[in-house]
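Visitor: I would like to learn how to read aromatic rings in a protein model. Could you walk me through it?

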Amino acid sequence: MPRYDLLIQEGMICTAEGTFIGDMGIKEGKIISLTKNAEGDASRVINAKGKMVLPGGIDVHVHFHNPYGRGYSVEGFFEGTRAAACGGITTVIDFGVQDPKKGLMAGLHQRMEEADPEVCIDYSLHAMITAYNRSVSLEMVKAVELGIPTFKMYMAYKNYGWYSDDGMIYDALLHAKKLGGMILVHAESDTLVNYFISQYLPEKKKWGAYAHALSRPNLVEAEAVNRMVYLTEATGGKSYIVHLSTAEGADLIQQAKLEGIDIDAETCPQYLLLDDSLFKNKEKGHLYATCPQLKKPADIHRLWEAVLQGDVNIIATDTCTFTHKQKDKWKGDFTKIPYGMPGVETLFPLMYTFGVKEGKIPLPRLVELISTQPAKKMGLYPQKGTLQIGADADIIIIDPEKKKIIRAQNLNTVTDWSPYEGWELFGFPEYTLSRGKVVLDKGTFVGKKGQGRFISRKLS
Ligand SMILES: [Zn+2]
């Protein structure tokens with residue numbers, strides 16, 4: 001029997017701590033040796049000379065096969081995890097949605113049944129609470145036991161039936177605290193959104209897709225983040241703002257952290273790279289609609305600062321992929337656009353190109369933002385999020401000089417447009433390993449449906 005199933009030789013091994021040139025030996029899905037010169041034979045050797053070897057990315061915010069209206073977003077768990085693997089992501093966290101009639105656990109089990117036969121990399125779920133009440137709070141215990149200690153609540157979307165009021169969030173924070181859990185929130189003020197929408201609805205023809213931006217000024221997010229800071233402080237609980245998009249939000253998170261409040265935030269590549277002038281494009285503007293929506297250059301600037309200073313420690317994508325045809329159903333009404341964009345496949349290359357290549361962030365910080373911090377925050381560390389002996393062999397190998405021009409048809413994401421069409425990106429992996437199995441081999445996807453696993457999580 002060879003000593004290793006796979007040996008990666010002479011690569012530049014990169015972690016959140018730093019880099020060194022060395023070899024990595026893998027056996028039965030785990031990293032078992034990490035040294036300058038590995039001894040012993042291997043079933044397969046990958047020579048990584050001149051390449052970077054990094055822990056696979058962890059996208060803690062994706063929505064695959066997501067219900068919308070009478071249909072679904074176009075990427076299922078197979079297509080979505082394939083796109084992830086091809087972009088250097090080796091773990092995703094999706095959502096199990098509470099059915100108000102059946103409860104929280106039923107939603108999680110149903111989602112696992114859907115994901116298990118499809119995923120080609122590992123995954124986990126957050127529990128999405130849509131109707132908080134006493135029985136949900138009791139079910140939270142069971143979710144934590146199943147390895148799902150993170151609960152998402154919506155401060156907006158009363159019209160979808162997902163809204164949680166302050167009392168519900170307060171109670172959930174207290175409850176999660178007792179269980180070692182965390183409350184994730186979509187922080188936009190429902191009442192303010194509705195007020196601003198009502199102001200712009202009569203002028204929808206005049207503004208087109210840009211009304212989506214006009215009807216969600218920064219105040220909408222800032223007020224909700226501010227409220228969440230108070231609620232977190234008052235309960236002594238643990239909270240996390242998903243897809244932070246505003247300068248004001250970043251200021252509030254920074255201040256709250258200075259005061260020792262246990263609140264954290266993720267942002268997404270689209271909020272660091274795209275601005276709301278895109279909505280002014282008459283033909284394509286509506287494609288870019290997400291919630292929260294793209295903001296102004298000043299927000300982009302402040303969010304990069306937050307990423308550099310450590311107030312924002314996680315980059316995720318909020319992937320929710322629609323086709324042109326699905327997006328076109330808006331027919332000029334900004335309140336009817338399917339909200340969401342593709343993202344999981346381009347997360348790592350975008351952040352590598354515009355973060356590391358452009359000299360904004362050092363490589364170890366990128367590893368921290370996309371792999372190590374998401375793993376720590378979401379309770380996957382040190383099984384995932386690092387290259388160390390005993391960790392899962394979730395690894396990507398990158399040729400740092402190789403570039404690719406983004407074309408929707410050249411991506412594995414199953415849609416006919418990309419927000420980054422024509423952009424030149426570095427950092428697409430040549431190899432992606434999921435628990436030691438090669439799923440991307442010299443740039444060709446070779447993964448199989450169902451080879452990924454549900455990963456049980458526990459917050460530290
Ligand atoms: Zn989302």
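**Reading the aromatic pairs**

Guide: Happy to! A search of the whole structure, which is a predicted model, finds 17 aromatic pairs.

Visitor: How is a pair of aromatic rings described?

Guide: A pair of aromatic rings is described by two things, the distance of the centres and the angle of the planes. Here, Phe64 and Phe77 sit 5.8 Å centre to centre with 85 degrees between the planes, an edge-to-face pair.

Visitor: Where in the chain are Phe64 and Phe77?

Guide: Phe64 is in the loop between β6 (57–59) and β7 (67–68), while Phe77 is in helix α1 (residues 77–86). The two are 13 residues apart, and the pair links distant parts of the chain.

Visitor: Is Phe64 buried or exposed?

Guide: Buried means under 20% relative accessible area. Phe64 has 0%, so Phe64 is buried. Phe77 is buried too, with 2%.

Visitor: Why is the pair of Tyr123 and Phe454 edge-to-face?

Guide: Planes over 60 degrees apart count as edge-to-face. The planes of Tyr123 and Phe454 are at 65 degrees, so this pair is edge-to-face, with ring centres 5.7 Å apart. Tyr123 lies in strand β10 (residues 122–128) and Phe454 in the segment after β21 (444–445), 331 residues apart. Both Tyr123 and Phe454 are buried.

Visitor: Which residues do ring pairs link into a cluster?

Guide: Phe64, Phe77, Tyr123 and Phe454 are joined that way.

Visitor: Which residue lies over the face of Tyr163?

Guide: That is Lys158, at 4.5 Å from the ring centre. Likewise, Lys404 lies over the face of Phe428, at 4.3 Å from the ring centre.

Conventions:
Residues are numbered from 1 along each chain as its sequence is written. This is a predicted model: local features need pLDDT of at least 70, side-chain atom pairs count only at pLDDT 80 or more; totals for chains, interfaces and linings use all residues. Side-chain values use heavy atoms; hydrogens and water are left out. Rings of Phe, Tyr and Trp (its six-membered ring) pair if their centres lie within 6.5 Å; planes under 30 degrees apart count as stacked, over 60 as edge-to-face and the rest as tilted. Helices (H or I, at least four residues) and strands (E, at least two) are DSSP runs, numbered from the N terminus. Buried means under 20% relative accessible area, exposed over 50%, partly exposed in between (1.4 Å probe, protein chains only). A charge sits over a ring if NZ of Lys or CZ of Arg is within 6 Å of the ring centre and within 35 degrees of the ring normal.
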